[in-house]
Amino acid sequence: MEELTYKDKIAIVKVLTEILHADNIVHDSEVAYMNEVIQSFNLGDGYQEEVNQLMTLQALATIRSLSVEQKGEVAKMMGKMIVIDEDI
């Protein structure tokens, strides 16, 4: 897969965070998966502030501009988060 930019990674974390909080219930398994994704992205200190400041629509626009292959990988991440959530 093509390398994701820092901006791409922040956008993906934003969307996954929105899915995590969609039902207002945060399960340990969701947090564990989110931590796994963040660790795989090698995000340094301060990333959370950028995620918090990013508007969801901006994150989706960033993801929309990814390659087809990258979007497929993001879709898999989103699908896994949805399955882990169990309520969506």
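Me: Which residues touch the most other members of the largest nonpolar core?
Reply: Ile 12, Leu 16 and Phe 41 do, in a core of 25 residues. Keep in mind that this is a predicted model.

Me: What makes a set of residues a nonpolar core?
Reply: The residues must be buried, of a listed kind such as Ile, Leu or Phe, and joined through side-chain atoms within 4.5 Å. In general, nonpolar side chains in soluble globular proteins tend to be buried together.

Me: Which helices supply this core with at least two residues each?
Reply: Helix 1 (6-21), helix 2 (28-41), helix 3 (47-53), helix 4 (56-64) and helix 5 (68-85). Helix 1 gives the largest share, eight residues.

Me: What does Leu 16 touch, leaving out residues up to four places away in sequence?
Reply: Its partners are Met 34, Val 37, Met 77, Met 78 and Met 81.

Me: Which residues meet where helix 1 and helix 5 are in contact?
Reply: Helix 1 brings Ile 12, Val 15, Leu 16, Ile 19 and Leu 20. Helix 5 brings Val 74, Met 77, Met 78, Met 81, Ile 82 and Asp 85. By kind, this contact has 10 nonpolar residues, no polar ones and one charged.

Me: Why is Ile 82 called partly exposed?
Reply: Its relative accessible area is 32%. Buried means under 20%, exposed means over 50%, and partly exposed lies in between. Ile 82 is therefore partly exposed. This residue is found in helix 5.

Me: How far apart are Ile 82 and Glu 2 in sequence and in space?
Reply: They are 80 residues apart in sequence and 24 Å apart in space, C-alpha to C-alpha.

Me: Why does Asn 24 count as exposed?
Reply: The relative accessibility of Asn 24 is 74%. The cut-off for exposed is over 50%, so Asn 24 counts as exposed. Asn 24 is found in the loop between helix 1 and helix 2.

Me: What is the phi of Asn 24 near?
Reply: Near 65°, a positive value in a residue other than glycine. Most residues other than glycine have a negative phi.

Me: Where is Asn 42 found?
Reply: In the loop between helix 2 and helix 3. Phi of Asn 42 is near 55°, again a positive value. With a relative accessible area of 67%, Asn 42 is exposed.

Notes. Residues are numbered from 1 along each chain as its sequence is written. This is a predicted model: local features need pLDDT of at least 70, side-chain atom pairs count only at pLDDT 80 or more; totals for chains, interfaces and linings use all residues. Side-chain values use heavy atoms; hydrogens and water are left out. Buried means under 20% relative accessible area, exposed over 50%, partly exposed in between (1.4 Å probe, protein chains only). Helices (H or I, at least four residues) and strands (E, at least two) are DSSP runs, numbered from the N terminus. Contact means heavy atoms within 4.5 Å. Ala, Val, Leu, Ile, Met, Phe, Trp, Tyr, Cys and Pro count as nonpolar, Asp, Glu, Lys and Arg as charged, and the others, Gly among them, as polar.
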